[in-house]
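Okay everyone, thanks for making time.

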Amino acid sequence: MKRVGILVGRELTFPEALIKSINERGNGETIAEFVKVGGVRLDEPHRYDLIIDRISHEVPFYRGFLKRAALEGTIVVNNPFWWSADDKFFNYALAAKLGVAIPRTVLLPQKAYIEGVTNESLRNLEFPLQWQAIVDYVGLPAMLKPFNGGGWKNVSRVNSLEELWSVYDQTGRLCMTLQEMIQFDHFVRCYCIGQEEVLIMPYDPTKVYLSGEQYVNDPNYLSAELTERITKDILTICRALGYDINTVEFAICDGVPYAIDFMNPAPDADLHSVGEYNHNWVTKAVTDFVFKKLAEPQETRTRYRWDALLNPEPTSAMQSLTAVASAAEQAARTIVPKPVREIPSEIAAGVTAFVSEAADVVSDIINSVVQPESQPQNAKQSAKSTRTSSEAPRNPTPKSNSSRKRKPTSEPPKM
Ligand SMILES: Nc1ncnc2c1ncn2[C@@H]1O[C@H](COP(=O)(O)OP(=O)(O)O)[C@@H](O)[C@H]1O
Ligand SMILES: [Mg+2]
C-alpha cells in the first residue's frame, strides 16, 4: 500500500478534495491523509511515499521534517531543498536568460538588518545607493515587492522617487525588488502541474484578492499565438525551476507576456477563490501527477550528496529543459478555462475594456497594502537617515517610461 500525506495551512477545500480524489482512485491500495508529525528523530522511519507540501514556507519545522523525509525516500512536492534555495529575483534573472520576457527589475539592499549587524558589518554596501539611476532604469510607476514571499503581501506601487523612499523605509528587514510596472491590457494566472499540464486562467487583479471575483470566464481571452507563447514560457520556467506544482502570472502589454510572478509552489486552489472549474482541474491534475510519481520506479538512495536531493530522479520532463513539445501537442495539453461562474454579459463583453484600466486600479489596491507613514515630502529626510538611502538627487523628477513602447528585456528564444 502507498501512503500520501498532505501538509496544509488554513486552506480547506483543496486538501479535502485532493484527499478524496486520491482515495477514490487509490481504491485502498493508495491512501491519502493529513500528515501528522511531532518531534522528528534523526532516524525517523519512512512513513509517506509522497507528501504534498502546502505550508512549509511558513512553518520552518515542517521544512526540516520534509527534508528529513526526502532523505528517507519520500517524494516531496515541491522539492523542499530547491524551494529553500530559491528566490524571486534569481527566478527573474534565470527566466530572462531562457528567453522569457521579464520586466526590468533591480534587487535592493535591505532597509534594516538583524540585531548585531551594524554599519561596520555592511562595508561592502554601496552608499549612498544610486536611487536615481535605479529609477531611471526601471521607470515609473514601479512595483516595490519582496524578493521572496507571496499572497500580495508588502507589494506596493510607487509613482515617484519620494514615494519609493517612503515605502522602502517601511520595509524593515525584507529584501525588496523594484520592478518596472507593466501597464497590462491582459493578465493571466496559470497552473502548471508536473511540469507538463497547463491551465491558463484569465485573471483580473483589480478585483479583491481571494474574493472569488478574480477569475474571468472568456475562452477567447488570448490569441492562439499568445496562448502558444505563454504555454511555452510556463513550461520553460517550471522545468528550469523544477516545480511540480506552481502558478505563473503574466502581465501582457502590446502582445508581450511579461512573467511577473512564478515562485508560487503552494498556489491558491481554493474552490471559492479560483472557482469550480479551476479547482476541479487542479485537483485532477495533481491527482494524476501523484499517481504518475508513485508508479515510477523509486531509486534506492545510494548517493548522499546535495545534488541527489535537489534532483532525486530524472523524469521525462526534466531530462531536457529545451525539450518543449510540438505546438500541436502543447495545444492539446493547454486548457483555456470553461465558465468559472456566471458573470454578467456586459462584463464578459467588456473584459478588454476593464483590463486596460487594471494596472491603475490594482495599484490602488496594492497601495492600500502598504501605507507609508510619512508623506512623500518627508521621504527625502527619512531616506537620508537610512544607511542605504541616498542624498536627494539633483533632478528630483525621474524620467517616466510609462508612455514609451516597451521592449522585452530579452528576445524570445530562437527555436
Ligand atoms: N511588474 C508588475 N507590473 C504590473 N503589475 C504587477 C507587477 N508586479 C506585481 N503586480 C501586481 O501585483 C500583484 C501582486 O504581485 P506579485 O508579484 O504577483 O506578488 P505575490 O507573489 O505576492 O502574488 C500581481 O498580481 C499584479 O496584479
Ligand atoms: Mg502573484
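Some housekeeping. This is a predicted model, where local features need pLDDT of at least 70 and side-chain atom pairs count only at pLDDT 80 or more, while totals for chains, interfaces and linings use all residues. Residues are numbered from 1 along each chain as its sequence is written, and chains are lettered from A and ligands numbered from 1 in the order in which they are written.

How many helices and strands does the protein have? There are 15 helices and 13 strands.

Now contacts. Two residues are in contact if their C-beta atoms, placed from the backbone, lie within 7 Å. Take the contacts with a separation of 6 or more: 77% of them are between residues 24 or more positions apart.

On to the ligand. Which residues are closest to ligand 1? Met143, Gly150, Ile182, Pro205 and Asp261 are, out of 21 that surround it. A residue gets into that shell if its C-beta atom, placed from the backbone, lies within 6 Å of the molecule. The elements giving two or more residues to the shell are β6 (142-146), β8 (176-180), β11 (245-253), β12 (256-261) and α14 (358-369). The largest share, 3 residues, comes from α14.

By type, the shell has 13 nonpolar, 3 polar and 5 charged residues. For that count, Ala, Val, Leu, Ile, Met, Phe, Trp, Tyr, Cys and Pro are nonpolar, Asp, Glu, Lys and Arg are charged, and the others, Gly among them, are polar.

And why do we say the ligand lies between two domains? Because domain 2 (104-181 + 366-404) and domain 3 (186-356) both give residues to the shell around ligand 1. The domain bounds come from an automatic or database domain assignment.

Glycine 150 is in the loop between β6 and β7 (156-158), and it counts as partly exposed because it has 18 other C-beta atoms within 10 Å. Asparagine 154 is in the loop between β6 and β7 as well. Its phi is positive, about 60 degrees, although it is not a glycine.

Glycine 150 also leads us to lysine 88: the two are 62 residues apart in sequence and 9.9 Å apart in space, C-alpha to C-alpha. Lysine 88 lies in helix α4 (residues 88-97). Is lysine 88 buried or exposed? Buried, because it has 23 C-beta neighbours inside 10 Å. Leaving out residues up to four places away in sequence, lysine 88 touches Phe147, Asn148, Thr177 and Met263.

Next, the core. In soluble globular proteins, nonpolar side chains tend to be buried together. In this model, the largest nonpolar core has 86 residues, and Cys190, Phe250 and Ala259 have the most contacts inside it. A nonpolar core is a set of buried Ala, Val, Leu, Ile, Met, Phe, Trp, Tyr and Cys residues joined through C-beta atoms within 7 Å. Not counting residues up to four places away in sequence, phenylalanine 250 touches Phe187, Val188, Ile230, Pro257, Tyr258, Ala259 and Ile260.

Ile230 takes us to helix α7, where it is one of the buried residues. Just after α7, glycine 242 takes a positive phi of about 75 degrees.

Where are the cis peptide bonds? One goes from valine 77 to asparagine 78, with omega near 0 degrees, and another joins phenylalanine 127 and proline 128, with omega about -5 degrees. Asparagine 78 lies in the loop between β4 (75-77) and α3 (80-85), and proline 128 in the loop between β5 (105-107) and α5 (131-138).

Note on methods: Helices (H or I, at least four residues) and strands (E, at least two) are DSSP runs, numbered from the N terminus. A residue is buried if 20 or more other C-beta atoms lie within 10 Å of its own, exposed if 12 or fewer, and partly exposed in between; C-beta atoms are placed from the backbone.
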